[in-house]
Amino acid sequence: MPSISTLNSSQFLLKTFFFFFSISIFSLVNARSIKSTHHHSIELDESLTYLWPLPAQFTSGNDTLTVDPNLTLDFTGNSGSGGGSVVVEEAFERYKKIIFKHGSKLAKSGEYFDVNRVTVIVHSDNDELQLGADESYSLLVTKSNERSIIGGVSIEANSVYGALRGLETLSQLCKFDYGVKTVQIHKAPWFIQDKPRFAYRGLLLDTSRHYLPIEIIKQIIESMSYAKLNVLHWHIIDEESFPLEVPSYPNLWKGAYTKWERYTVEDAIEIVDFAKMRGINVMAEVDVPGHAESWGAGYPDLWPSPSCKEPLDVSKNYTFDVISGILADMRKIFPFELFHLGGDEVNTTCWTTTPHVKQW
């Protein structure tokens with residue numbers, strides 16, 4: 001049977017608990033009431049415009065323009081192979097879907113809109129994408145006027161990749177108004193002159209330690225374009241897995257997690273082409289001589305010994321033949337001038353404890 005002191009102690013703790021519980025409930029209710037009161041007293045400024053990254057130079061006004069869901073593209077470029085026009089035209093259609101994801105089905109016949117055309121002028125027909133490609137552009141957004149030759153949206157760039165960045169900025173200026181169910185551009189007229197501060201703006205993706213299907217990689221690339229990033233650092237191969245097909249040494253991808261978690265040559269080319277259409281280079285990485293245990297799943301001779309599997313066995317010419325074959329095959333897939341060879345975290349213990357490597 002509990003003692004009197006124990007009962008008194010329990011009663012004290014119980015009363016203390018209910019006291020603080022009551023205070024907590026009171027505070028919560030009042031906080032919710034205050035929050036609710038503040039919520040009703042604050043009016044959000046729907047005209048705020050967020051541009052990311054912030055353009056190098058820009059001016060804006062105080063007008064609000066409506067954008068025609070039947071927005072059209074007027075592209076002008078130097079005569080050439082036509083590759084540049086394809087890049088711009090496909091980008092324009094992508095951004096139309098983003099801009100009018102709500103409003104494209106709500107246009108009424110005969111309805112007037114302030115902006116109904118996007119004029120894109122590109123001064124070069126060269127669509128080669130390498131580090132340092134000119135991504136500068138100017139963007140003018142004004143109200144269409146029958147008495148003026150300037151109206152709507154005008155993007156001028158030295159390359160198609162500058163035009164892509166201009167279209168991205170335009171999409172950020174466009175906002176759907178849920179009240180009137182129309183896409184609008186606030187703070188017009190806009191005049192923007194922009195160029196990247198850094199030539200290399202990259203994101204690293206490691207699909208060796210965590211396999212990702214190509215559709216997911218494409219989604220990541222699409223997201224990169226929204227932030228105007230321009231290099232996908234694709235860390236394809238590491239000690240955990242070797243998922244890429246290498247025609248010169250077809251057993252290498254036996255080091256993949258499973259036969260379903262692999263990338264064919266065609267998969268990789270598809271990713272490179274998809275990225276290029278968004279102004280993004282793909283820089284492949286093959287980490288050598290460390291982080292290469294997965295190579296030996298298909299070619300065990302690359303290991304210093306069965307019990308000591310990395311770094312690669314540098315005492316054999318065969319190892320360098322394999323590396324050369326990998327690089328030659330990957331050069332056909334990845335045209336970007338930069339290539340990453342890792343070189344980090346090379347634990348030399350395996351070399352110093354394996355007799356034939358140590359002797360070499």
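Is Cys-174 buried or exposed? The points below begin with that residue and its strand, then turn to other parts of the chain.

1. In this predicted model, Cys-174 counts as buried because its relative accessibility is 13%, and buried means under 20%. Cys-174 stands opposite Ile-185, a residue of strand β7.

2. Strand β7 spans residues 182-188 and is mostly covered, with 6 of its 7 residues buried. Strand β6 (residues 174-177) runs antiparallel to β7, and 4 bridges join the two. Together β6 and β7 form a hairpin that has 4 residues between the strands. In that turn, Lys-181 has a positive phi of about 55 degrees.

3. Strand β7 also pairs with strand β2 (residues 63-77), in the antiparallel sense and over 3 bridges. Here Leu-65 has Ile-185 of β7 as its bridge partner.

4. How many disulfides does the model contain? The count comes to 1 disulfide, and it joins Cys-308 to Cys-350 with an S to S distance of 1.8 Å. The pair links distant parts of the chain, 42 residues apart: Cys-308 is in the loop between β11 (281-288) and α6 (317-333), while Cys-350 is in helix α7. As a general point, a disulfide is a covalent bond between the sulfur atoms of two cysteines.

5. Cys-308 counts as buried because its relative accessibility is 18%, the limit being under 20%. Cys-350 is buried with a relative accessible area of 3%.

6. Thr-354 belongs to the surroundings of Cys-308, as its contacts show. Its place is in the loop between α7 and α8 (355-359). With a relative accessible area of 5%, Thr-354 is buried. Leaving aside neighbours within four places in sequence, Thr-354 is in contact with Pro-304, Ser-305 and Cys-308.

7. Which residue does the UniProt annotation "active site" cover? According to that record, an unreviewed entry, the residue is Glu-345. Glu-345 is found in the loop between β12 (340-342) and α7 (349-353). Helix α7 is also the element that holds Cys-350.

8. Why does Glu-345 count as exposed? The reason is its relative accessibility of 62%, because exposed means over 50%. The side chain of Glu-345 makes a polar contact with the side chain of His-291, at 2.7 Å.

9. Asn-158 lies elsewhere, in the loop between β5 (152-157) and α3 (160-173). Asn-158 counts as partly exposed because its relative accessibility is 38%, which falls between the limits of 20% and 50%.

10. What does Asn-158 touch, not counting residues up to four places away in sequence? The residues are Val-122, His-123, Ser-124, Asp-134 and Ser-136. With one of these, Asp-134, the side chain of Asn-158 forms a side-chain polar contact of 2.9 Å.

Definitions and conventions. Residues are numbered from 1 along each chain as its sequence is written. This is a predicted model: local features need pLDDT of at least 70, side-chain atom pairs count only at pLDDT 80 or more; totals for chains, interfaces and linings use all residues. Side-chain values use heavy atoms; hydrogens and water are left out. UniProt positions are given in the numbering used here, feature names are shortened, and annotations may be inferred rather than shown by experiment. Buried means under 20% relative accessible area, exposed over 50%, partly exposed in between (1.4 Å probe, protein chains only). A polar contact is a pair of N or O atoms within 3.5 Å; within protein, one must be able to donate a hydrogen and the other to accept it, and residues adjacent in sequence count only if both atoms are side-chain atoms. Contact means heavy atoms within 4.5 Å. Two strands pair if DSSP finds at least two bridges between them. A disulfide is a pair of cysteine sulfur atoms within 2.5 Å.
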